[in-house]
There are 6 protein chains.
Amino acid sequence: MIKRQKYGDEIAKAEILIEALPYIKKFSGATVVIKYGGNAMIDCQIKKMVMQDIVLLKYVGLNPVIVHGGGPDINKMLESLNIESKFVNGLRVTDEKTMEVVEMVLTGKTNKEIVSMLNEIGGKAIGISGKDGKLLVAEKDTANGDIGYVGKIEEVNIDVIKMMLDKGFIPVIAPCAVGKDGKTYNVNADTAAGKIAEALKAEKFILLTDVEGILSDVNDKSSVISRIDLDAAKELMTTGKITGGMIPKLKCCIQAVENGVKRAHIIDGRLTHSLLLEIFTDEGIGTMIGKECFDDDNL
Amino acid sequence: MIKRQKYGDEIAKAEILIEALPYIKKFSGATVVIKYGGNAMIDCQIKKMVMQDIVLLKYVGLNPVIVHGGGPDINKMLESLNIESKFVNGLRVTDEKTMEVVEMVLTGKTNKEIVSMLNEIGGKAIGISGKDGKLLVAEKDTANGDIGYVGKIEEVNIDVIKMMLDKGFIPVIAPCAVGKDGKTYNVNADTAAGKIAEALKAEKFILLTDVEGILSDVNDKSSVISRIDLDAAKELMTTGKITGGMIPKLKCCIQAVENGVKRAHIIDGRLTHSLLLEIFTDEGIGTMIGKECFDDDNL
Amino acid sequence: MIKRQKYGDEIAKAEILIEALPYIKKFSGATVVIKYGGNAMIDCQIKKMVMQDIVLLKYVGLNPVIVHGGGPDINKMLESLNIESKFVNGLRVTDEKTMEVVEMVLTGKTNKEIVSMLNEIGGKAIGISGKDGKLLVAEKDTANGDIGYVGKIEEVNIDVIKMMLDKGFIPVIAPCAVGKDGKTYNVNADTAAGKIAEALKAEKFILLTDVEGILSDVNDKSSVISRIDLDAAKELMTTGKITGGMIPKLKCCIQAVENGVKRAHIIDGRLTHSLLLEIFTDEGIGTMIGKECFDDDNL
Amino acid sequence: MIKRQKYGDEIAKAEILIEALPYIKKFSGATVVIKYGGNAMIDCQIKKMVMQDIVLLKYVGLNPVIVHGGGPDINKMLESLNIESKFVNGLRVTDEKTMEVVEMVLTGKTNKEIVSMLNEIGGKAIGISGKDGKLLVAEKDTANGDIGYVGKIEEVNIDVIKMMLDKGFIPVIAPCAVGKDGKTYNVNADTAAGKIAEALKAEKFILLTDVEGILSDVNDKSSVISRIDLDAAKELMTTGKITGGMIPKLKCCIQAVENGVKRAHIIDGRLTHSLLLEIFTDEGIGTMIGKECFDDDNL
Amino acid sequence: MIKRQKYGDEIAKAEILIEALPYIKKFSGATVVIKYGGNAMIDCQIKKMVMQDIVLLKYVGLNPVIVHGGGPDINKMLESLNIESKFVNGLRVTDEKTMEVVEMVLTGKTNKEIVSMLNEIGGKAIGISGKDGKLLVAEKDTANGDIGYVGKIEEVNIDVIKMMLDKGFIPVIAPCAVGKDGKTYNVNADTAAGKIAEALKAEKFILLTDVEGILSDVNDKSSVISRIDLDAAKELMTTGKITGGMIPKLKCCIQAVENGVKRAHIIDGRLTHSLLLEIFTDEGIGTMIGKECFDDDNL
Amino acid sequence: MIKRQKYGDEIAKAEILIEALPYIKKFSGATVVIKYGGNAMIDCQIKKMVMQDIVLLKYVGLNPVIVHGGGPDINKMLESLNIESKFVNGLRVTDEKTMEVVEMVLTGKTNKEIVSMLNEIGGKAIGISGKDGKLLVAEKDTANGDIGYVGKIEEVNIDVIKMMLDKGFIPVIAPCAVGKDGKTYNVNADTAAGKIAEALKAEKFILLTDVEGILSDVNDKSSVISRIDLDAAKELMTTGKITGGMIPKLKCCIQAVENGVKRAHIIDGRLTHSLLLEIFTDEGIGTMIGKECFDDDNL
């Protein structure tokens with residue numbers, strides 16, 4: 001076997017492709033629902049990298065489905081339009097005017113931007129909202145009183161997504177839902193992504209966040225729990241170790257796994273190629289939640 | 001044959017359904033591209049009626065495809081955001097900031113509103129823009145100098161639309177295109193609809209407008225030309241009888257018919273059930289342009 | 001919204017089409033087995049109207065399947081051929097010679113006449129008998145002693161019908177069956193239609209009769225029972241309120257609904273557009289039998 | 001290799017099956033249109049044998065399509081009904097009353113009898129007439145003046161037949177056609193079979209007749225021409241050697257071969273297993289007409 | 001009905017084809033797994049005859065699948081290569097070198113020879129081994145101690161076979177398996193054939209052997225048991241009446257029938273056309289094992 | 001964007017995957033016929049690497065088809081069997097005995113070894129020879145006189161290969177052909193691979209050899225011609241610069257490109273990951289022949 005010096009670098013690269021082979025084989029044909037949000041939507045470089053990762057996943061045989069949040073665009077637009085934001089228990093009251101802006105920005109700006117970026121690097125993406133084909137049907141969420149057009153997802157009609165995956169497209173979904181009353185409702189993007197993953201019986205549900213994963217010691221960022229099974233995850237919820245924004249995220253993951261998603265992942269979207277690293281390395285880089293977890297089951 | 005008095009009204013209605021049968025048979029399976037714009041997008045009652053007409057067409061076996069304009073929403077939003085509009089030869093200069101608003105309103109507001117209305121009355125609609133699945137690929141239109149992100153359609157990729165029609169959905173399309181440079185371009189909705197009709201080899205291309213049709217005497221609204229063939233239509237363009245906004249509309253129709261669309265129609269969207277009347281009556285209500293026109297060919 | 005006087009009538013018609021929309025949506029794709037018999041087969045005008053109704057049903061997305069009786073043609077032919085008819089308990093004794101004439105008239109005259117009429121107004125009909133593709137397999141019916149070639153249906157092989165519906169044809173079926181002994185048997189058209197509806201798991205089984213429907217008071221033709229559930233229908237059979245020819249018809253409906261047909265209808269074939277009225281109006285015009293009936297379930 | 005005496009007969013039979021193998025291979029999947037008429041329709045034993053031959057052809061992979069004549073049934077029925085037959089140039093004048101009887105007997109008696117027999121020995125047959133699915137569309141044939149409802153075939157719509165062959169059925173076709181005027185027309189069975197063979201681009205078109213084949217010497221029944229090419233066949237037409245009923249039959253064959261049928265055969269239906277012999281032996285038993293004929297091309 | 005003397009022989013042959021019709025109908029579409037081995041693989045004339053029988057089965061609508069043994073070729077090659085054979089309990093110890101020769105001869109000589117013969121007489125055969133597409137996955141068989149690369153089948157992946165049957169090919173399979181350790185294992189051809197028949201839910205599993213069938217009296221070759229049900233067959237195993245090589249063969253049949261194969265047959269491959277005789281005659285020629293056996297169930 | 005030190009290596013690897021993306025996109029769905037031979041078949045390490053490369057190609061969306069030579073196994077076996085080799089003009093005379101060994105080794109040893117290796121690392125491979133499904137039909141090659149069973153390919157029937165590619169298998173093909181006389185013929189592996197590539201209209205035909213590529217100066221191994229168009233390649237054949245074994249290889253490539261293969265490649269199989277390097281890098285590592293070659297057309 002010759003390793004001609006001239007091709008040293010190229011050979012090294014080829015060997016890395018070969019290293020990825022077992023992972024590619026393992027997830028060939030698998031559906032992966034990715035919640036895209038947080039800083040990964042803001043930093044230009046990260047944005048591009050995430051898009052490349054997604055297109056690569058598509059080309060090596062996985063079926064990525066993207067659900068995105070709104071990022072800072074919504075606030076900026078509300079400000080520009082001098083629409084004041086009221087809050088109840090830290091939750092924004094979404095009146096009709098606000099809802100209109102939220103939908104417009106989510107589906108008319110953020111969604112199309114993601115579609116553009118995916119298409120430009122060779123993906124075939126189509127952007128829709130939860131209202132298209134009645135993908136997401138909601139009811140008013142009154143858990144926190146009447147805070148306006150905030151919805152709780154009641155039905156998920158995945159025909160639209162399946163049709164797109166069958167034809168090789170990457171679906172990009174804005175988390176607006178149609179209410180049973182015909183109105184538009186804002187739904188939480190994490191929850192929407194989880195529900196869609198459940199309905200698709202996805203292999204993976206990945207939450208791109210701004211944290212390293214679930215920490216066993218909140219004060220030690222190196223204490224990321226790499227794998228955790230359902231029972232342990234539920235227990236964790238009761239211990240007080242999980243705090244703040246991580247609570248709903250973990251809850252969302254637990255629910256997805258309970259309802260048929262094989263693995264849920266909370267990973268750090270700010271980290272270079274976090275998507276590929278989580279899927280294509282043994283240990284992964286964030287926290288993986290599964291029904292039962294064994295050390296050797298990633299491969 | 002008994003016509004029991006009790007059911008008099010119902011029987012009369014049934015007879016009207018039977019009357020429509022020859023038209024339903026004739027257009028069974030036909031693709032109809034409808035440019036939806038003008039007052040038909042503003043008046044609440046007309047809006048609802050047009051939506052009902054479209055859903056009915058779908059259920060009796062036709063394949064409607066909707067391409068919509070932006071209506072007054074865009075101007076309102078530009079105003080709200082204090083973005084000034086500059087004009088060159090009566091054409092709006094579309095700088096980056098304007099383009100962003102145009103796309104956001106078209107795809108995030110107008111488009112989703114149409115989708116909602118169609119879904120609520122039983123259609124299965126999906127809203128996309130010309131950027132999704134690279135449906136519309138454009139180049140900068142420099143016919144009027146550099147007026148910014150105004151595009152000339154260079155490619156139409158109808159896979160996305162065909163996939164939707166195959167699965168029984170009604171495609172609703174916002175006229176934004178992706179540029180060969182990866183930027184977003186605004187394209188004329190009439191032209192976009194025409195080009196899509198051509199690519200689909202549609203049976204009909206219908207322009208919903210705010211006028212009665214093409215008039216043989218511009219000063220006499222009752223002088224609507226009911227049918228006109230391609231040669232006569234081209235000649236009309238040179239006679240000076242066609243003026244103002246009708247010129248590009250007729251041009252658009254001529255081009256569509258020359259490129260494989262069977263019939264192009266200019267009809268008055270303000271008129272109650274104009275869509276059904278044009279398709280389901282002998283004479284129609286506006287102007288029909290075909291390669292060759294015979295008195296008896298509508299049925 | 002303009003209602004130009006000139007188009008007043010057309011607009012009114014269009015509105016009626018729109019009114020039918022919810023019914024069209026509701027029954028889109030549904031299989032409807034229609035027993036066509038009685039006066040509706042004799043009166044020329046009614047014949048044509050029924051045919052139009054059937055073709056309309058086909059074009060607006062339903063799947064009609066026609067099972068017809070023989071009407072007066074059989075008796076006329078038997079007379080012309082000087083074949084005497086013997087009766088036992090009011091039932092015709094069907095000897096070999098009679099059977100031959102019955103089959104010949106049913107499949108060679110009545111059946112082809114219906115096919116012709118449907119095809120002429122734009123349907124694509126194919127006429128077969130229960131012998132073709134062994135659609136109906138019977139055994140000698142000895143419930144009334146040996147009255148010759150009168151059969152009791154033992155098997156229904158719906159491949160032939162499914163193949164036709166898949167390709168857009170309207171099946172027209174003459175109620176002759178092949179015996180397990182290879183002979184031809186005459187079977188009751190109502191029963192045949194009911195059995196076929198069961199085998200197809202049809203949405204609707206409609207008996208076109210010469211009466212208004214089931215009456216709660218036999219002497220009051222305005223006392224038509226509009227809706228009745230299975231339990232009530234069975235009870236009715238025991239009360240003595242149902243008499244004469246209505247008994248086997250109601251029995252046939254009860255059996256069909258018990259075996260998976262969603263709704264059975266007994267309607268007055270003599271009434272103009274009775275088929276459309278029953279399917280496309282809220283209240284219907286005859287009697288509808290369902291497993292459970294609610295006032296609002298028709299739509 | 002043991003040939004145990006005990007199985008002597010069975011082994012001999014197996015060897016005959018093996019002998020048929022090259023023919024079975026050769027015609028595997030081929031469509032064969034068979035005109036069934038003459039004495040082969042009358043003699044009970046021959047009838048049964050022809051049916052067995054047809055079912056065997058089906059099971060060993062060929063696609064038989066049967067077009068039948070009316071045989072003596074029509075005359076018998078006309079007599080029974082005291083309908084007098086008028087003749088012009090030896091052709092029966094088919095008035096409306098006669099046409100009704102012809103259609104009734106052909107489609108309601110003869111056709112169903114054939115279907116029954118095929119089904120009983122294991123075929124899956126469906127009987128239709130040329131009116132079903134508008135298989136045969138005709139115009140009044142005025143070549144011999146106005147002799148009533150005698151039609152000339154103008155269109156053949158083979159969708160119905162193709163659908164049946166695709167699903168494994170044997171189509172049995174009665175030669176009635178629908179006129180462009182909506183009336184029923186009687187068409188010649190030989191011509192109908194030939195036209196259907198052309199439209200199906202059949203491998204073989206076989207005319208079962210009451211003669212040995214085409215004779216080179218009309219007075220010598222042993223002078224059957226085994227094979228003849230198109231040019232020779234046409235020449236034969238002009239020589240006067242062909243007489244009487246053979247003229248239209250040969251004409252029919254010539255036309256079929258000219259329009260895409262590979263081989264046309266005129267064989268003696270009275271001869272035991274004539275169908276199998278013609279298809280499964282080298283020399284055949286009747287006359288075969290092909291575009292070009294070589295001695296060795298049967299296999 | 002004419003039986004012209006001239007065609008006497010041909011007619012007799014045609015009648016034999018017709019006689020086979022009921023059997024052809026009965027097994028139309030059925031999958032038949034044939035273990036081909038013993039003298040039927042050695043005698044040139046028998047070889048050819050078996051191949052003809054298989055191709056005939058294919059053409060008349062059955063789906064034969066061939067699993068072959070190695071015959072004397074393996075021993076001959078081992079001798080030529082001076083590889084000594086050691087035996088333990090009468091079983092050959094298969095070391096690596098021996099395994100290599102076994103595989104090479106089975107898949108590279110015997111298999112391709114069968115493929116060639118089938119193709120030459122008109123079959124479309126493809127030869128594979130149990131390693132291709134991981135058709136047969138084995139583990140080391142240690143029932144007789146460590147006798148080397150002798151495998152016990154653990155998995156059967158019939159995708160490869162189904163793909164071939166779907167496309168009209170005849171699969172020819174050499175009994176080598178891939179081990180879970182990646183090595184090649186020799187597996188018993190009878191067992192392999194039985195397991196494949198089970199996985200395919202075959203209609204028939206036929207063992208071509210060098211004996212007449214199962215004898216009720218081992219000393220009387222005319223005492224072949226024609227039919228036996230599962231219970232009786234199991235009992236037979238315990239009576240001592242079955243001896244020698246017949247024991248594993250019967251065991252193999254019992255297991256196949258218990259696991260879903262409809263009929264297993266042990267027949268004498270040396271007998272002329274034994275395959276056709278067993279399938280196409282009432283009594284058959286060997287022993288048939290079924291879940292329950294009735295005298296009249298062969299047809 | 002965070003590049004956490006901990007994941008430094010993994011991130012670097014992910015970036016290499018992303019680098020490969022444009023190539024993966026470019027060749028997604030493309031058929032690549034690979035002639036596998038020379039030292040790449042002998043060195044254990046290289047073998048494994050080539051297999052990994054092939055499986056990776058499959059998983060990232062290409063369709064590899066392998067045609068292999070025999071390597072030294074054939075000579076070794078001939079020696080072991082004391083079969084003497086005679087040569088005419090440096091070509092081995094292939095008598096019947098030799099042919100038998102060649103086929104046995106090629107299809108029973110080399111072929112199955114490759115299948116095993118591909119399957120073990122996750123490919124789904126099926127090994128066949130040119131005789132299976134009559135993939136390769138040959139005639140005796142008499143260009144060098146009668147040197148026995150050496151064949152010239154006359155027909156390529158790719159049904160077998162297409163069926164396998166459709167179902168996700170990797171076809172592995174041994175270069176034996178069936179003669180029109182039914183005998184087995186040895187065919188040149190390079191030529192077989194080229195002919196198969198032509199018949200498949202392959203995107204790429206890659207010859208794995210033991211040389212660096214085509215050299216512009218035979219004495220300077222660094223003078224590899226990277227790209228060459230058809231005209232230049234043909235001219236090269238006439239200049240005398242190409243010598244020895246390279247002549248038939250280049251001829252083979254020229255013919256393939258002339259007959260519809262997009263690119264032919266001669267690469268050094270001894271070089272680590274030469275397959276991946278040639279496909280997934282801009283410059284490639286060997287010589288690429290195309291109809292017309294531009295510097296920028298690889299991507």
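This is a predicted model: local features need pLDDT of at least 70, side-chain atom pairs count only at pLDDT 80 or more; totals for chains, interfaces and linings use all residues.
Residues are numbered from 1 along each chain as its sequence is written, while chains are lettered from A and ligands numbered from 1 in the order in which they are written.

**View 1. The open sheet E7-E6-E9-E10 of chain B.** Four strands make up this sheet, and their pairing is mixed. (Helices, H or I with at least four residues, and strands, E with at least two, are DSSP runs numbered from the N terminus; two strands pair if DSSP finds at least two bridges between them.) Strand E7 (151-156) and strand E10 (184-186) of chain B sit at the edges with a single partner strand each, so one side of each has no neighbour in the sheet. On average, neighbouring strands here are turned by 50° against each other, ignoring direction. Strand E9 (residues 176-179) of chain B pairs with E10(B) in the antiparallel sense, over three bridges. Helix H4 (residues 96-120) of chain B packs on the sheet, touching E9 and E10 of chain B, and its direction makes about 75° with that of E10(B). Helix H6 (residues 189-199) of chain B packs on the sheet too, touching strand E6 (136-140) and E7 of chain B, at about 15° to the direction of E7(B). (Axes are lines fitted to C-alpha atoms, for helices over the stretch in contact, and angles run from 0 to 180 degrees between N-to-C directions; two residues are in contact if their C-beta atoms, placed from the backbone, lie within 7 Å.)

**View 2. Strand E8 (residues 170-174) of chain B, covered on both faces.** Five of the five residues of E8(B) are buried, so the strand is largely enclosed by the rest of the structure. (Buried takes 20 or more other C-beta atoms within 10 Å of a residue's own, exposed 12 or fewer, and partly exposed is in between, with C-beta atoms placed from the backbone.) In a regular strand the side chains alternate between the two faces of the sheet. Here Ile170(B), Val172(B) and Ala174(B) take one side, with Pro171(B) and Ile173(B) on the other. Strand E2 (residues 63-68) of chain B runs parallel to E8(B), joined by two bridges, and strand E5 (residues 125-129) of chain B is also parallel to E8(B), with five bridges. Val172(B) has Ile66(B) standing opposite, and Gly127(B) stands opposite Val172(B) as well.

**View 3. Helix H8 (residues 246-258) of chain D and its buried face.** The 13 residues of H8(D) reach 18 Å from first C-alpha to last, close to the 18 Å expected at 1.5 Å a residue (the expected span is 1.5 Å times one less than the number of residues). Met246(D), Lys249(D), Leu250(D), Cys252(D), Cys253(D), Ala256(D) and Val257(D) are the buried ones. After H8(D) comes Gly260(D), with a positive phi near 110°.

**View 4. The side of chain F that touches chain A.** Chain F puts 37 residues into this contact, and chain A puts in 37 residues. Helix H1 (8-27), helix H2 (44-59) and helix H9 (274-280) of chain F each supply at least two residues of the chain F side. H1(F) has the largest share, 13 residues. By class, the chain F side splits into 20 nonpolar, eight polar and nine charged residues. (Ala, Val, Leu, Ile, Met, Phe, Trp, Tyr, Cys and Pro count as nonpolar, Asp, Glu, Lys and Arg as charged, and the others, Gly among them, as polar.)

**View 5. Positive phi at Lys134(C) and at His273(F).** Most residues other than glycine have a negative phi. Lys134(C) has a positive phi near 50° and lies in the loop between strand E5 (125-129) and strand E6 (136-140) of chain C. Lys134(C) is buried, with 21 other C-beta atoms within 10 Å. His273(F) also has a positive phi near 50°, in the loop between strand E13 (263-268) and H9 of chain F. His273(F) counts as buried, with 26 C-beta neighbours inside 10 Å.

Conventions
The arc is that of the directions from the helix axis to the C-beta atoms.
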